[in-house]
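Hi there,

Here is the structure I promised to pass on to you. Please have a look at it, and then read on for what turned up.

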Amino acid sequence: MEQAAHQTAITLAAMTYMMAGGIASAATIKVGNSFGNQNYKRLQRFAYASYHLVIIFMLFFAVIFTLFNQYLPYLITNDINVVALAAQLLIIAAIFQLFDGTQVVGLGTLRGMGDVNIPTFITFVAYWIIGLPAAYILGIHLNEGVKGIWYGLTLGLLTSSALLYLRFRYVMKKTLDNNLQDNINLLI
C-alpha cells in the first residue's frame, strides 16, 4: 500500500516538476546567451525571473495539492487505503515541490553561467549525504514509513535549493566584480 501511495503522489508531483524543468531549461538558454554576450544585467533579469516564475507556479500547485489532496489521488487509483495515504503524501509534496522547483532552476542558471562542478558536488551532498540518510532515519529507524522517507527527500531538496541559490549569488557577484575590474583596467 505504501508503495502504491508513493507512486500515486509522486506521479502527481512529477507533473508539476515537468513545468519547473521547462523553466530551468529556458533559464539555462537565456542565462547562457546573456553570459556569453557579457550582458550581466540581462542575465540577472532572466535568472531572477526564472526563480520568481517557478516559485509562483509551484506555490499555485502547492495550494492545489493542499486543498484537493483527498481528491487528486482518485485520478490514478480507486483504492481507498492508497488514496488516504497518498493524500497525506500530497501535503508533503506541496512543501517539497517548492524546493524541487527552485533547485532545478538554480542548476539551470548555474549551467548557463558555465558553473557545473560545484553544483554537482552540492547536489551530491544534499541528496546522498543529507537527504538519503535523513530519509532512512525518519522512515526506517523512527518508523515513519513512507512519510519519513518523503520528509528526508524534502530535507535534501531544501538543502540543494538553498545551497544552489547561494552559489548562484556567489558566482553572480564574482562575475560582476570581474567585469568591473576588467572595465577599470580598460580605462587605465
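A word on one term to begin with: accessible areas come from the Shrake-Rupley method with a 1.4 Å probe. On that basis, the protein chain has an accessible surface of about 10400 Å², and 67% of this belongs to carbon and sulfur atoms. Please keep in mind that this is a predicted model.

Now for the overall picture. The protein chain contains 5 helices and 0 strands, and its pattern along the sequence reads α-α-α-α-α. Its C-alpha trace spans about 75 × 30 × 20 Å along the principal axes. Of the 188 residues, 41% count as buried.

Two packed helices are described by the angle between their axes and the distance between the axes. Helix H3 covers residues 80-112, and its axis comes within 9 Å of the axis of H2, with a crossing at roughly 165°. Angles over 145 degrees count as roughly antiparallel, and therefore H2 is roughly antiparallel to H3. The crossing of the two is right-handed.

Which residues of H2 and H3 meet? On the H2 side they include Ala-47, Tyr-51, Ile-55, Met-58, Phe-61 and Phe-65. On the H3 side, Leu-90, Ala-94, Leu-98, Gly-101, Val-105 and Thr-109 are among them. By class, the contact of H2 with H3 has 15 nonpolar, 7 polar and no charged residues.

Staying with H2, have a look at Arg-42, which sits in this helix (residues 40-67). Leaving aside neighbours within four places in sequence, Arg-42 is in contact with Lys-30, Asn-33 and Ser-34. From the C-alpha atom of Arg-42 to that of Leu-67, 25 residues apart along the chain, the separation is 37 Å.

The loops have some points to show you as well. Gln-38 lies in the loop between helix H1 (2-36) and H2. Its phi is positive, about 55°, although Gln-38 is not a glycine. Is Gln-38 buried or exposed? Its relative accessibility is 53%, so Gln-38 counts as exposed.

Asn-143 is placed in the loop between helix H4 (117-141) and helix H5 (145-187). Asn-143 is not a glycine either, yet it has a positive phi of about 55°. With 66% relative accessibility, Asn-143 counts as exposed.

In the loop between H2 and H3 you will find Asp-79. This residue is partly exposed, its relative accessible area being 38%. The C-alpha atoms of Asp-79 and Thr-175 are separated by 54 Å, and the two residues are 96 positions apart along the chain.

One last stop is Ser-161, in helix H5. Here the relative accessibility is 9%, so Ser-161 counts as buried. Not counting residues up to four places away in sequence, Ser-161 touches Phe-99, Thr-102 and Gln-103.

Note on methods:
Residues numbered from 1 in each chain as written. Predicted model: local features only at pLDDT ≥ 70, side-chain atom pairs only at ≥ 80, totals over all residues. Heavy atoms only, no water. Helix = DSSP H or I, 4+ residues; strand = E, 2+ residues; numbered from the N terminus. Contact = heavy atoms within 4.5 Å. Axes fitted to C-alpha atoms, helices over the stretch in contact; angles between N-to-C directions. Parallel < 35°, antiparallel > 145°, perpendicular 65-115°, else oblique. Left-handed = near helix turned anticlockwise from the far one by under 90°. Nonpolar A, V, L, I, M, F, W, Y, C, P; charged D, E, K, R; others polar. Buried < 20%, exposed > 50% of the residue type's maximum accessible area, 1.4 Å probe, protein only.
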